[in-house]
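Dear colleague,

I am passing on to you the structure we talked about, and below it you will find my notes on what turned up when I went through it. Please read them with the model open beside you.

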Amino acid sequence: MSIKIENLSYTYAPGSAYEIHALKNLNLEIEEGQFVGIIGHTGSGKSTLIQLLDGLIKADEGHIYYNGEDIYAPGYSLRSLRGKVGLVFQYPEYQLFEETVYRDIAFGPKNMGLSEAEIDKRVREAAGFVGITQRQLQVSPFDLSGGQKRRVAIAGVIAMEPRCIVLDEPTAMLDPRGRREVIDTIGRLNREKGITVVLITHHMDEAAKAQRVVVLDKGKVAADGTPKEVFSQVELLHGIGLAAPETVELCWELNQEGYDLPLDKLDPKECAQALYDMVMA
Ligand code: ADP
Ligand code: MG
């Protein structure tokens, strides 16, 4: 599913003393099947954008098109949109509340009015995809690790078979292993199922795994390009309170000392090679 965001603006508490322009004339086009990372400082508008994409809140100005269809057009069904765009909120485990993992994953498909047999098939497939075992389906979600809970939440969205999944900081507060498992799952979702993925994160190394990185600052797009293009703009990132991935920061620091290292080495191996070449030259 393709997404086109046109001139989108959103203001909290308009007209009051607490008025906040969370998004200002935002423009963004995401192609079908693309994996986009969105990064930005706290307060840059990431979560607001997510709620707009799912129709939970309505923009003051501008348009959102899915496959060319304007979601604000009269008669457009926001209900059908929810089936096409899967949303994984920040801290999705707060929304796990059923007695078993199985029932939590089944919650979305059930609401779609599918048959028991279809629900069962989807729950088992989605669980398998995110690495939740058949045995774990029968335990309480509260007995799972942080990373497993996140993957259960993702499975619940997958089971609705959306063509696009938007995730709001899905690895926040996870340990490195949990983070890795969640990020791997998201990458496979895009590669193996061809689902359009919008990943909101403040971990630069996670955004670097996307095909494209969009940087939000104060409700506007500050940079947009491949991970290499965006993360090599170190001064721009620093200027808005963000850091580049560690490998790029290392090369950049050394350049401040007079070296001339490339700033597009996102992979530790590539970075090590660049350092080796520099020493041997
Ligand atoms: P991010 O997810 O990037 O941290 P948000 O979209 O949550 O950013 O917030 C963008 C701006 O809107 C911030 O200045 C934030 O304080 C403000 N904001 C977010 N939610 C609300 C709300 N419910 N009421 C008032 N202001 C809000
Ligand atoms: Mg947020």
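Predicted model: local features only at pLDDT ≥ 70, side-chain atom pairs only at ≥ 80, totals over all residues.

Helices α4 and α5 are oblique to each other, because the angle at which they pack is about 135 degrees, and an angle counts as roughly antiparallel when it is over 145. On the side of α4 the contact is made by A126, A127, F129 and V130, while α5 contributes R151, I154, A155 and I158. Sorted by class, that contact has seven nonpolar residues and one charged residue, with no polar ones.

G128 also belongs to helix α4, and its C-alpha atom is separated by 8.7 Å from that of A155, a residue 27 positions away along the chain. With a relative accessible area of 45%, G128 is partly exposed.

Turning to the aromatic residues, the structure holds three aromatic pairs. One of them, formed by F97 and F107, is edge-to-face, with 5.4 Å from centre to centre and 80 degrees between the planes. The two partners are 10 residues apart, F97 being in the loop between β6 (85–88) and α3 (101–111), and F107 in helix α3. F107 has a relative accessibility of 36% and therefore counts as partly exposed.

E98 is found in the loop between β6 and α3 as well, and there it is buried, its relative accessible area being 16%.

Most residues other than glycine have a negative phi. N25, however, has a positive phi, near 45 degrees; this residue is placed in strand β2, which covers residues 20–30, and is partly exposed, with a relative accessible area of 39%. N67 likewise is not a glycine and has a positive phi of about 45 degrees, but it is found in the loop between β4 (61–66) and β5 (69–70).

Notes. Residues numbered from 1 in each chain as written. Chains lettered and ligands numbered in written order. Heavy atoms only, no water. Axes fitted to C-alpha atoms, helices over the stretch in contact; angles between N-to-C directions. Helix = DSSP H or I, 4+ residues; strand = E, 2+ residues; numbered from the N terminus. Parallel < 35°, antiparallel > 145°, perpendicular 65-115°, else oblique. Contact = heavy atoms within 4.5 Å. Nonpolar A, V, L, I, M, F, W, Y, C, P; charged D, E, K, R; others polar. Phe/Tyr/Trp six-rings, centres within 6.5 Å; stacked < 30°, edge-to-face > 60°. Buried < 20%, exposed > 50% of the residue type's maximum accessible area, 1.4 Å probe, protein only.
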